[in-house]
Amino acid sequence: MLPPPRRIHSKKEVNQGCFAMIQMYHVYKTYGKDLEALVDVNLHIHKGECVFLAGSSGAGKSTILRLIFRDELPTSGQILVNGRNVVRMKLRAVPHLRRTLGIVFQDFKLLRDRTVEENLALVARIVGMPNPEGRQRAAQLLTLVGLSHKARMLPYKLSGGEQQRVAIARALMNDPVVLLADEPTGNLDAELAADVIRLILDINARGTTVLVATHDLKLAEEAGRRTVFLKKGRIVEEWP
Amino acid sequence: MLKKLKQIPADAVVNLIRSGWGGLASIATIGVSFLIIGIFLILVLQFNALVAEWREQFQLSVFLEDKITPKQLEILEKRIQNEAAVKSVTFITKEQALATFRRELKGQESLLEGLGDNPLPASFQLKIREGSQSPAALERLSVFLRRLEGVEDIQYGHEWIERMSSAARVTKLLGLIIGSVLTLGSALIVSNTIRLAVYTRAAEIEIMRFVGATKAYIRAPFLVEGMLQGSLGALLAMGLLFAAYRFIAPTFKLASPLLSTAADRGLLEPSMIAALVGGGAAIGALGSSLAVSRFLKT
């Protein structure tokens, strides 16, 4: 139902078989003088992979996501996203980086005064998608997340799970190469959380690389995907 | 690109409508600020007009000796006319002076009966250029005139001019101080009001950043919206002023000569209205731009 993901690698890269979507090399992030949010983080995520970042709050999960979409810069270390070094990236290139990413937050971050449809249309306009195409894509994505019948409703009239599905649909509007989800189930009860995770895995199955940060170890375990455990800013374990 | 640019004002209007009561409240706040400035401006303008009128009517009298010859009179008139400070000269004959006096004494003409010969001197009535109406300049002029042949005496409201010019100085200074304080205060109120309006939309700015909107793309509608709010507020104030004026002016016209000149002159000149509305737009743009910048690190 969705258009095929756009090709983002040269044939040469594809022929080499396996290639990285996100590469973090010796990344440190220190806030102020001595608050170490990340310590020597090395993380490599391949194209098409689905990775869970697990850890209690304050472990550095969100920081990793924020570094990837260049909301913040690391204190030291290098980060490559889809082959581009985001640390050395010029400021005016940042919007273009973000247009290749989809981001989902714990608090949904939907605009309260606009309908579900309009929330999705905002992205279409920002990435410069023509109106008819944007409308069509929004309709497709709302069908994908099972909310096409609520397109004209205001977000706060939807349940938390529904709002998060709208947020996911919005994150997919620009056909991202990576979907970043920061505690996407943090505000949801267990049943709705499982729904949302299922949706995210479904999106991954369609070819989008996915990185999910969660403090819910059980959820990560149930998903059965590669899981990276963080503790006090360090990667302490990886599973499997 | 052009299509995008055209979209900006439309977006701004839509955003303004979306902001609903909040948007109206900020426009009203801005309007009140401009109302205060407007009232102050009108008072200053009226006062200036009044002073100008007084200055316009100001006259210096050169009284002539009775024995002055026509030849001397001619020379004297020429010399007076050649003075840079003199705007115009009118000659008043003894008979005209008496006639005027008689008119002023209306009802009490009997007082004049015992006079016999006309005791009033002929005179030149001088209108003085505004620039030369300072007490010092007038003093210099009168000393010069007094020395001329055929001149009996010089008269002008000596003390009155002195008091008037010092009063004008004080009022000017006071007006400048009050005016700057008011302007500064209004600028702060307007930019803060718009800032608050932007802050309530911090979430929207964040979302736009995260989905890859450029700074300019985020900033432009806010800028236009700020300009709109600022200028609409100023327009609202002007509208209120004119409405109040039309409503109240007839009563004032009867009550106070100060305001009757206002009634004749109209309220504010178009250029001033344009300046106020433009100022509103500028402050609005600045305020919103500063506010948005806070949320736009990348």
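Select domain 1 and domain 2 of chain B: their centres, taken over C-alpha atoms, are 52 Å apart. Domain 1 takes in 2–54 + 164–294, while domain 2 is 59–155; these bounds come from an automatic or database domain assignment. Before you click on, note that this is a predicted model, where local features need pLDDT of at least 70, side-chain atom pairs count only at pLDDT 80 or more, and totals for chains, interfaces and linings use all residues. Residues are numbered from 1 along each chain as its sequence is written, with chains lettered from A and ligands numbered from 1 in the order in which they are written.

Now show chain B on its own. Its C-alpha atoms fill a box of roughly 100 × 40 × 35 Å along the principal axes. Chain B has a radius of gyration of 31 Å, whereas a compact globule of 298 residues would come in near 19 Å (taken over C-alpha atoms; the globule rule is 2.2 Å times the number of residues to the power 0.38). Of the 298 residues, 26% count as buried (buried means 20 or more other C-beta atoms within 10 Å of a residue's own, exposed 12 or fewer, partly exposed in between, with C-beta atoms placed from the backbone).

Switch to cartoon view and you'll find ten helices and four strands in chain B (DSSP runs numbered from the N terminus: helices are H or I with at least four residues, strands E with at least two).

Next, pick strand β1 (residues 59–64) of chain B. Which residues make up its covered face? They are Leu60(B), Val62(B) and Leu64(B), with Gln59(B), Ser61(B) and Phe63(B) on the uncovered one. β1(B) runs antiparallel to strand β3 (residues 123–128) of chain B, joined by five bridges, and antiparallel to strand β4 (residues 151–155) of chain B, joined by four (strands pair if DSSP finds at least two bridges between them). Zoom in on Val62(B): its bridge partner in β3(B) is Phe124(B), and in β4(B) it stands opposite Ile154(B).

Time to see where the chains meet. The contact takes 13 residues from chain B and 16 residues from chain A (residues are in contact if their C-beta atoms, placed from the backbone, lie within 7 Å). On chain B's side, the largest share, six residues, comes from helix α7 (residues 202–210) of chain B.

Hop over to chain A and colour the open sheet of four strands, in the order β2-β1-β4-β5 with antiparallel pairing. The edge strands are β2 (35–46) and β5 (84–85) of chain A, each pairing on one side only. Strand β4 (residues 76–81) of chain A pairs with β5(A) over two bridges, and Val81(A) stands opposite Arg84(A) there.

Then select helix α4 (residues 116–126) of chain A. Why is it largely enclosed by the rest of the structure? Because eight of its eleven residues are buried, including Leu120(A), Val123(A) and Ile126(A). Following α4(A), look for Gly128(A), with a positive phi near 80 degrees.

For the last stop, click Ala138(A) in helix α5 (residues 131–144) of chain A. Ala138(A) has 25 C-beta neighbours inside 10 Å, so it counts as buried. Leaving aside neighbours within four places in sequence, Ala138(A) is in contact with Glu117(A), Leu120(A), Ala121(A), Ala124(A) and Met173(A). Draw a C-alpha to C-alpha distance from Ala138(A) to Val123(A), and you get 9.8 Å across 15 residues of sequence.

Notes
Two residues are in contact if their C-beta atoms, placed from the backbone, lie within 7 Å.
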